[in-house]
Amino acid sequence: MGLLSELWRGLKVTGSTMLKTIGGSGLVTTEYPKEMRHKPQRFHGRHVLNRYPDGMEKCIGCQLCAGACPADCIYVRGKENDPESPVSPGERYGYVYEINMLRCIFCGLCVEACPTEAITMTHLFEMSTTNRQDAIYTRKELLMDESGKVPHMFPDDELADLDELNTADGWLRATAPSGVAAYEGVQMWQGTPGAASWDPEPSQEERDRASEGDDG
Ligand code: SF4
Ligand code: SF4
């Protein structure tokens, strides 16, 4: 008898909690994958290689991201820019760029290491594949197009969530990127992906011309 009453008491607790949850405020489940839960701003999803507003690629093929990666999953090969039609504002650009997503631990160290903010992360985490080769993202999947759109690995998938792909991860900056003294020590969020709002660095030639002008 005692056992039955304990069982009944347990069922009552389960039933009332279930009704309370279904009834409203405590509901935490969503109709995934039709409905995505909001991600925290610092969520680290798949990477993007960014461009400047003029279409130039930000990656200068320096390999600092590959050196910083604790999972050793980035492979970069830089190539000299053709002065007649440069791909990036630097001397070199990322001719080969690959990330093995099966090894990536989404730590974001590559993003921190990059001197030009070329590589950043989005909120997209759905990257399951049926073979290992598809998990190696190349320039084709990583580099945004000239209009600023990021390629999806599976664009024909009707559940491909382009919003997540276009959502920036956020970085807490201790100082203003512009170097304005008034903001020193003020912590602010800064979204990272997308075309930068500042102009690309001037080329070495332009710098030399400017310094010759200063000397003269
Ligand atoms: S997020 Fe971390 S593990 Fe992934 S590629 Fe970048 S540095 Fe490597
Ligand atoms: S993504 Fe950044 S750190 Fe990596 S090679 Fe390109 S410029 Fe260098």
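Of the 14 residues around ligand 2, those that come nearest are Cys59, Cys62, Gln63, Cys65 and Cys114, where a residue counts as near if one of its heavy atoms lies within 4 Å. This is a predicted model, in which local features need pLDDT of at least 70 and side-chain atom pairs count only at pLDDT 80 or more, while totals for chains, interfaces and linings use all residues. Residues are numbered from 1 along each chain as its sequence is written, ligands are numbered from 1 in the order in which they are written, and side-chain values use heavy atoms, with hydrogens and water left out.

**Ligand sites**
- Ligand 2 sits in the largest cavity, a cavity being a set of points on a 1 Å grid over the protein atoms alone where a 1.4 Å probe fits but cannot get out, and a molecule sits in it if more than half of its atoms lie within 2 Å of its grid points.
- The shell around ligand 2 comprises eleven nonpolar, three polar and no charged residues, with Ala, Val, Leu, Ile, Met, Phe, Trp, Tyr, Cys and Pro counted as nonpolar, Asp, Glu, Lys and Arg as charged, and the others, Gly among them, as polar.
- Ligand 1 sits in the second largest cavity, and the closest of its 14 surrounding residues are Cys69, Cys104, Cys107, Gly108 and Cys110.
- The shell around ligand 1 divides into twelve nonpolar, two polar and no charged residues.

**Nonpolar cores**
- The largest nonpolar core has 24 residues, and Ile74, Tyr97, Ile99, Met101, Ile119 and Leu142 have the most contacts inside it; such a core joins buried (under 20% relative accessible area, 1.4 Å probe, protein chains only) Ala, Val, Leu, Ile, Met, Phe, Trp, Tyr and Cys residues through side-chain atoms within 4.5 Å.
- A second, separate core of five residues includes Val48, Met144, Val150 and Leu165.
- Beyond its neighbours within four places in sequence, Ile119 is in contact (heavy atoms within 4.5 Å) with residues including Val48, Tyr97, Ile99, Cys110 and Cys114.

Methods. Buried means under 20% relative accessible area, exposed over 50%, partly exposed in between (1.4 Å probe, protein chains only). On a 1 Å grid over the protein atoms alone, a cavity is a set of points where a 1.4 Å probe fits but cannot get out, and a pocket is an open set with protein on both sides within 12 Å along at least five of seven lines; lining residues have an atom within 4 Å of a point.
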